[in-house]
Amino acid sequence: MSASLPEEVKLIEKHEEILGRRAELLEQMENRREQLEIRRTQRAKETEAARRRNTAMLQDLRKIEDRLRRRQPPRPSLLAQETRYWASVEESLPAWEHFLLGKGPHPTDGLGQPPSRAKRKSGAAKDRGLPPHPKPRTAR
């Protein structure tokens, strides 16, 4: 009987250790469940808030669409002016497009004046990667 007593004590200690670990795991599981429940509640609140916001935005858009449908069409003279404006834009678009792509002069340079930009001189300084020489100063 004395030989089984130390074994029983070891088994009891092992059993208590297992019960302690079980209690820790149960507590961790409970904490995790509470955290998940809190997250689930927050998501539900956020989803509901987003649904209300989207509904309000949709109603606002519908109101704006209704107002736009009921709005008076612009006067014929205004429509004619707008049409002439867009026709002139389309006419001048190729010249501006050429300029903006860097393939041609500024569209207003061709109005009888020479281009106002100074032409670059190809100098030895440029070939060697050096900055241009400073301009000579006049005495005062």
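Modeller: A helix is a DSSP run of H or I with at least four residues, a strand is a run of E with at least two, and both are numbered from the N terminus. The model is predicted, so local features need pLDDT of at least 70 and side-chain atom pairs pLDDT 80 or more, while totals for chains, interfaces and linings use all residues. Residues are numbered from 1 along each chain as its sequence is written, and side-chain values use heavy atoms, with hydrogens and water left out.

Colleague: Which order of elements does the protein show from the N terminus on?

Modeller: The protein has three helices and zero strands. Read from the N terminus on, the order is α-α-α.

Colleague: In which helix is confidence lowest?

Modeller: Confidence here is pLDDT, the predictor's score for each residue from 0 to 100. The protein averages 84, and 79% of the residues score at least 70. Helix H1 has the highest mean, 95. The lowest mean, 49, belongs to residues 124–127, helix H3.

Colleague: What percentage of the residues count as buried?

Modeller: Buried means under 20% relative accessible area, exposed means over 50%, and partly exposed lies in between (1.4 Å probe, protein chains only). Of the 140 residues of the protein, the buried share is 1%.

Colleague: What accessible area do Leu58, Leu61, Ile64 and Leu68 have together?

Modeller: Patch residues have over 30% relative accessible area and no salt bridge; like charges are joined within 9 Å, and nonpolar side chains (Val, Leu, Ile, Met, Phe, Trp, Tyr) within 5 Å. These four residues form a nonpolar patch on the surface. One of them, Leu61, sits in helix H1, residues 4–70. The area of the patch is about 360 Å².

Colleague: How many salt bridges does a search of the whole structure find?

Modeller: A salt bridge needs a side-chain nitrogen of Lys or Arg within 4 Å of a carboxyl oxygen of Asp or Glu. By that search, the number of salt bridges is six.

Colleague: Which residue meets the side chain of Glu37 in a salt bridge?

Modeller: Glu37 is partly exposed, because its relative accessibility is 37%. The N to O distance is 2.8 Å, and the partner is Arg40.

Colleague: What is the N to O distance between Arg52 and Glu48?

Modeller: Both lie in helix H1, four residues apart, about one turn of the helix. Arg52 is exposed, because its relative accessible area is 52%. Glu48 is partly exposed, because its value is 33%. Their side chains meet in a salt bridge at 3.8 Å.

Colleague: Is Arg69 buried or exposed?

Modeller: Arg69 and Glu65 form a salt bridge at 4.0 Å, N to O. They are four residues apart in helix H1, so about one helical turn separates them. Glu65 counts as partly exposed at 40% relative accessibility. Arg69 has a relative accessible area of 61%, which means it is exposed.

Colleague: How many aromatic pairs does the structure hold?

Modeller: Rings of Phe, Tyr and Trp (its six-membered ring) pair if their centres lie within 6.5 Å; planes under 30 degrees apart are stacked, over 60 edge-to-face, and the rest tilted. The number of aromatic pairs in the structure is two.

Colleague: Why is the pair of Tyr85 and Trp86 edge-to-face?

Modeller: Tyr85 is partly exposed at 47% relative accessible area. Trp86 is partly exposed at 46%. Their ring centres are 5.0 Å apart, and the pair is edge-to-face because the planes stand at 70°.

Colleague: At what angle are the ring planes of Trp96 and Phe99?

Modeller: The two are three residues apart in helix H2, so about one helical turn separates them. Trp96 is partly exposed at 35% relative accessibility, and Phe99 is partly exposed at 23%. The ring centres are 6.0 Å apart, and the pair is edge-to-face because the planes stand at 80°.

Colleague: What distance separates the C-alpha atoms of Pro94 and Pro107?

Modeller: Pro94 is in helix H2, residues 76–100. Its relative accessibility is 49%, so Pro94 counts as partly exposed. Pro107 is 13 residues from Pro94 along the chain, and their C-alpha atoms are separated by 9.7 Å.

Key
Areas by Shrake-Rupley, 256 points an atom, 1.4 Å probe, with all protein chains shown as cover.
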